[in-house]
Amino acid sequence: MSVSLDTLIDKAERHLPAEEGVWLFIIGDMIVFAVFFMVFTYYRSLDPQTFLESQAALNQNYGAFNTVLLLTSSWFIALALHAARKSALQVTLKLVAAAVCCGVGFVVVKYFEYGEKIQAGLVLTTNDFFMYYYVFTGVHLLHLLLGLALLIFLSFRIKAWAAAGACTEENLSLLEGGAAYWHMVDLLWIVLFPLIYLMK
């Protein structure tokens, strides 16, 4: 069976966005979170009543609003990457800034959510549910803060690329890596939100 030269060239031009190392990190991180989720589900099955009663004390509006913020930020990042591929770097910069604003909004909402729980006496040591709630959402929040730092770093890089008047393949790969990480943060929350706030 023969393969045309055009097919071979097309396959050669296809590539995985960002560096391979970024994807190894993302896959490793998602495996760790998958283990977290399985542990939570297992211990929930041992004491469903406590978990349901504790879950009822959560404010689902906070979680839902943060879900909207992260989905919107991921959309902005996808648009930013598309703009960068067209060398529309000023547009790219504005879209990354919009994603950063959504991320900051997530942090602000989480601050009020944690504050509300702590004032009500619902802390890490209250029971197993709240231990997992604080640990899982706290680890996710740390990932989000790292992602925000990465997006802010990329904003400065994009300014430099715009000043140079071009976005090279290497620059684009860097932006793709940042976008992939940010989408991972979003995906983890999409799983975490129903698991912690909604699962009955």
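The model is a predicted one. Just after α5 comes Gly121, whose phi is positive, at about 80 degrees.

The protein as a whole contains seven helices and zero strands. Read from the N terminus on, its elements run α-α-α-α-α-α-α.

Two of these helices can be followed as a pair. Packed helices are described by the angle between their axes and the distance between those axes. Helix α6 spans residues 128-164 and helix α7 spans residues 169-198; their axes come within 10 Å and cross at roughly 160 degrees. Because angles over 145 degrees count as roughly antiparallel, this makes α6 roughly antiparallel to α7. The crossing of α6 and α7 is left-handed.

The remaining values concern the whole protein. Among contacts with a separation of 6 or more, 80% are made by residues 24 or more positions apart in the protein. Of its 200 residues, 41% count as buried, where buried means under 20% relative accessible area. The accessible surface of the protein comes to about 10,900 Å². Carbon and sulfur atoms account for 69% of that surface.

Terms used. Residues are numbered from 1 along each chain as its sequence is written. This is a predicted model: local features need pLDDT of at least 70, side-chain atom pairs count only at pLDDT 80 or more; totals for chains, interfaces and linings use all residues. Side-chain values use heavy atoms; hydrogens and water are left out. Helices (H or I, at least four residues) and strands (E, at least two) are DSSP runs, numbered from the N terminus. Buried means under 20% relative accessible area, exposed over 50%, partly exposed in between (1.4 Å probe, protein chains only). Contact means heavy atoms within 4.5 Å. Accessible areas come from the Shrake-Rupley method with a 1.4 Å probe; for residues, only the protein chains shown count as cover. Axes are lines fitted to C-alpha atoms, for helices over the stretch in contact, and angles run from 0 to 180 degrees between N-to-C directions. Angles under 35 degrees count as roughly parallel, over 145 as roughly antiparallel, 65 to 115 as roughly perpendicular and the rest as oblique. A crossing is left-handed if the near helix is turned anticlockwise from the far one by less than a right angle, and right-handed if clockwise.
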